[in-house]
Amino acid sequence: MAVIPVSVLEFLEALKENNTREWFATHKPDYQEQEQYLKEFYKEVEAGLNEHDIIEKIKIFRIHKDVRFSKDKTPYNTHRSVSFSRSGAHLRGGYYLRIAPGSSVVAGGFFAPQPSDLLRIRKEFEMDDTEIRDILNQRDFKKIYGGFDTSNQVKTAPKGFSKEHAAIDLIRNKNFVVRHELTDKEVLHPDFAQQVLSYFSLLRPLFDYMSDVLTTDLNGVSLLDQ
């Protein structure tokens with residue numbers, strides 16, 4: 001079973017303290033060794049997801065930062081992240097994992113959806129928010145994820161929606177993402193891959209619901225056959 005050794009966290013901690021191109025160049029063999037451990041771990045998670053879902057793409061985010069529009073000009077990310085995208089137009093949503101000393105996270109949902117998808121989701125919530133609230137309030141889901149991240153919302157109401165609507169707390173969101181923080185102890189545990197998969201499995205009702213919303217019109221007619 002693939003595991004994440006403590007050396008992965010130790011490298012990222014050292015990088016945080018020495019975030020320069022010179023240091024990284026000197027320690028590049030160490031970085032490559034840690035990446036191999038992570039890639040093996042990602043493959044195990046992907047295989048586990050594919051037992052009950054269909055993963056179309058796995059994306060390992062670069063360690064090199066894009067600093068063009070950032071005040072922080074340090075050249076490297078001090079975390080390692082991967083996403084697993086579900087397959088095709090009929091299966092929406094994506095799983096996300098970030099590994100970082102003291103700030104690892106599992107997450108999932110719909111980050112920065114296309115304008116047409118964002119409008120469709122908001123219109124669904126406007127018409128009937130019962131099902132999405134049932135999903136968000138399911139005991140295990142709520143215990144792990146709480147609810148949608150509300151850090152990125154419009155101030156009052158999107159154009160065309162009433163700020164007095166009963167579902168405005170949901171409609172205001174620009175993203176529909178949930179997250180759960182992980183301890184270093186969890187990350188280093190031999191069963192961490194299975195733990196990640198258990199957290200990801202809680203996202204399936206949300207993904208299945210959103211997939212149904214985004215592949216039908218407001219009358220429930222499929223858009224995939226058109």
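What percentage of the 226 residues in the chain is buried? Buried residues make up 42% of them, where buried means under 20% relative accessible area with a 1.4 Å probe, protein chains only. This is a predicted model, in which local features need pLDDT of at least 70 and side-chain atom pairs count only at pLDDT 80 or more, while totals for chains, interfaces and linings use all residues. Residues are numbered from 1 along each chain as its sequence is written, and side-chain values use heavy atoms, with hydrogens and water left out.

I'll start with the whole chain. The C-alpha trace spans about 60 × 40 × 35 Å along its principal axes. The accessible surface of the chain is about 12600 Å², and carbon and sulfur atoms account for 51% of that; the areas come from the Shrake-Rupley method with a 1.4 Å probe. Of the contacts between residues at least 6 apart in sequence, 68% join residues at least 24 apart, contact being heavy atoms within 4.5 Å.

Next, helix packing. Two packed helices are described by the angle between their axes and the distance between the axes. Axes here are lines fitted to C-alpha atoms, for helices over the stretch in contact, and angles run from 0 to 180 degrees between N-to-C directions.

Take α1, residues 6-17, with α3. Their axes come within 9 Å and cross at roughly 135°. The two helices are therefore oblique to each other; angles under 35 degrees count as roughly parallel, over 145 as roughly antiparallel, 65 to 115 as roughly perpendicular, and the rest as oblique. The crossing of α1 and α3 is left-handed, meaning that the near helix is turned anticlockwise from the far one by less than a right angle, with clockwise for right-handed. On the α1 side the contact is made by Ser-7, Val-8 and Phe-11, and on the α3 side by Asp-30, Tyr-31, Gln-34, Tyr-37 and Leu-38. By class, that contact has five nonpolar, two polar and one charged residues. Ala, Val, Leu, Ile, Met, Phe, Trp, Tyr, Cys and Pro count as nonpolar, Asp, Glu, Lys and Arg as charged, and the others, Gly among them, as polar.

Helix α3, residues 28-50, also packs on α9, residues 192-201: the axes come within 10 Å and cross at roughly 45°. That makes α3 oblique to α9. The crossing of α3 with α9 is right-handed. Phe-41, Glu-44, Val-45, Gly-48 and Leu-49 of α3 meet Phe-192, Ala-193, Val-196, Leu-197 and Phe-200 of α9. The residues of this contact divide into eight nonpolar, one polar and one charged.

Now some single residues. Phe-141 is in helix α6, residues 139-145, and counts as buried because its relative accessibility is 1%. Leaving out residues up to four places away in sequence, Phe-141 touches Ile-135, Leu-136, Gly-146, Val-178, Leu-202, Leu-203 and Leu-206.

Arg-120, in helix α4, also counts as buried, at 11% relative accessibility. With the sequence exclusion of up to four places, Arg-120 touches Val-213, Leu-214, Thr-216, Asp-217 and Leu-218.

Last, a backbone detail. Most residues other than glycine have a negative phi. Ala-112 has a positive phi, near 50°, and sits in the loop between β4 (104-110) and α4 (115-127).

Notes. Helices (H or I, at least four residues) and strands (E, at least two) are DSSP runs, numbered from the N terminus. Buried means under 20% relative accessible area, exposed over 50%, partly exposed in between (1.4 Å probe, protein chains only).
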